[in-house]
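I open this notebook to record what I looked up in the structure.

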Amino acid sequence: MILYTPMQLELVLAGMDQCNQYAQQREVLFNGSTLVVADNGQGSSQVVRLISTNPYDYLKPEFSPGAEIKL
């Protein structure tokens, strides 16, 4: 990718070191639905995102972002 900008390189790349937060997330199959979760280090995981084509999955409180699940 080529980025043409009159801004300084330090301003353009500011915050790039924080992009590794996605490396700590993973996809899992839980109760028949695919979830993106982040491990919290206490033996459980926190739901980041639900990946589903079933609209009823989005109404389940255990799949809501921020919910804690045990895998």
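The model is predicted, with local features requiring pLDDT of at least 70 and side-chain atom pairs pLDDT 80 or more, while totals for chains, interfaces and linings use all residues. Residues are numbered from 1 along each chain as its sequence is written, and side-chain values use heavy atoms, with hydrogens and water left out.

Sheet entry. I noted that six bridges join β1 to β2 (residues 33–39), and that the two run antiparallel. Strands here are DSSP runs of E, at least two residues, and helices are runs of H or I, at least four residues, numbered from the N terminus; two strands pair if DSSP finds at least two bridges between them. I then traced the open sheet, in which four strands follow the order β1-β2-β3-β4 with antiparallel pairing. β1 (25–30) and β4 (68–69) stand at the edges with a single partner strand each, so one side of each lacks a neighbour in the sheet.

S45 entry. Is S45 buried or exposed? I found S45 buried, at a relative accessible area of 2% (buried is under 20%, exposed over 50%, partly exposed in between; 1.4 Å probe, protein chains only). S45 belongs to strand β3 (residues 45–51). Leaving aside neighbours within four places in sequence, S45 is in contact with residues including R26, V37, D39 and I69 (contact means heavy atoms within 4.5 Å).

Loop entry. I located M16 in the loop between α1 (9–12) and β1.
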